[in-house]
Amino acid sequence: PLAHYDIDYLNLPILESSGTSQNLGELVSGSEFTNPMLGRWYFDVFHKAMPLLIDGLQAVSEAQGAVLFHCAIGKDRTGLFAVALHGALGTHRAHIVSDFEKTEGNLAKVLARLSASQPFWTPEIMSKAGALLRAEAEAMHVFLDTVEAQGTDLEEMLVDGGATVALLEDLRALALTR
């Protein structure tokens, strides 16, 4: 649908770069995946995928127009990039959690589309997936609590991971002008 538009495309394989399989069956091992498990998994992926997250933030800061970022479901890879962007902007924790939770309202439609188009997404896999297929506040709170337990915050994690202060300032300036 976007073929006739002059757009740039940047693929950031966040899960692959972190050594995490995208195969849901490998993540669900017999028992339901819980929100605390999801929050800790997000922390691990966020930390390991930091170079790609920073590449994405750099691309946003250099974009000449609107920016769209997405993934198949819109909460894990997309959610982690949104958290990186929120961290760069200095967004308050309550707003980060609220933004994450908004995805929950769209998940039924997304999951119906996926199960109709990909045979892997069976009712059994989807029921075992638990929190992996939800976007509840608890998971994001666990992620952010894990960040804080490291004695840091999202902005410091980004800088420690290679983001420059100039990049963060550029993103903040863009947020105020767009």
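**Exercise 1.** Decide whether R172 is buried, partly exposed or exposed, and then find its salt-bridge partner.

*Solution.* The relative accessibility of R172 is 26% in this structure, which is a predicted model. Buried means under 20% and exposed means over 50%, with partly exposed in between, so R172 counts as partly exposed. The next step is to look for the partner, and here R172 forms a salt bridge with E155, with the closest N and O atoms 2.9 Å apart. This pair links distant parts of the chain, since R172 belongs to helix 11 (residues 165-177) and E155 to helix 10 (residues 154-160), 17 residues apart. E155, at 31% relative accessibility, is also classed as partly exposed.

**Exercise 2.** Work out which residues are linked with R93 in a network of salt bridges.

*Solution.* Begin with D145, which forms a salt bridge with R93 at 2.6 Å between the closest N and O atoms. D145 is in helix 9 (residues 137-149) and R93 in helix 6 (residues 93-102), and the two are 52 residues apart. Next, the side chains of E148 and R93 meet in a salt bridge of 3.0 Å, N to O. Because E148 lies in helix 9 and R93 in helix 6, this pair ties together parts that are 55 residues apart in sequence. Putting the steps together, R93, D145 and E148 are linked in a network of salt bridges.

Technical notes:
Residues are numbered from 1 along each chain as its sequence is written. This is a predicted model: local features need pLDDT of at least 70, side-chain atom pairs count only at pLDDT 80 or more; totals for chains, interfaces and linings use all residues. Side-chain values use heavy atoms; hydrogens and water are left out. A salt bridge is a side-chain nitrogen of Lys or Arg within 4 Å of a carboxyl oxygen of Asp or Glu. Helices (H or I, at least four residues) and strands (E, at least two) are DSSP runs, numbered from the N terminus. Buried means under 20% relative accessible area, exposed over 50%, partly exposed in between (1.4 Å probe, protein chains only).
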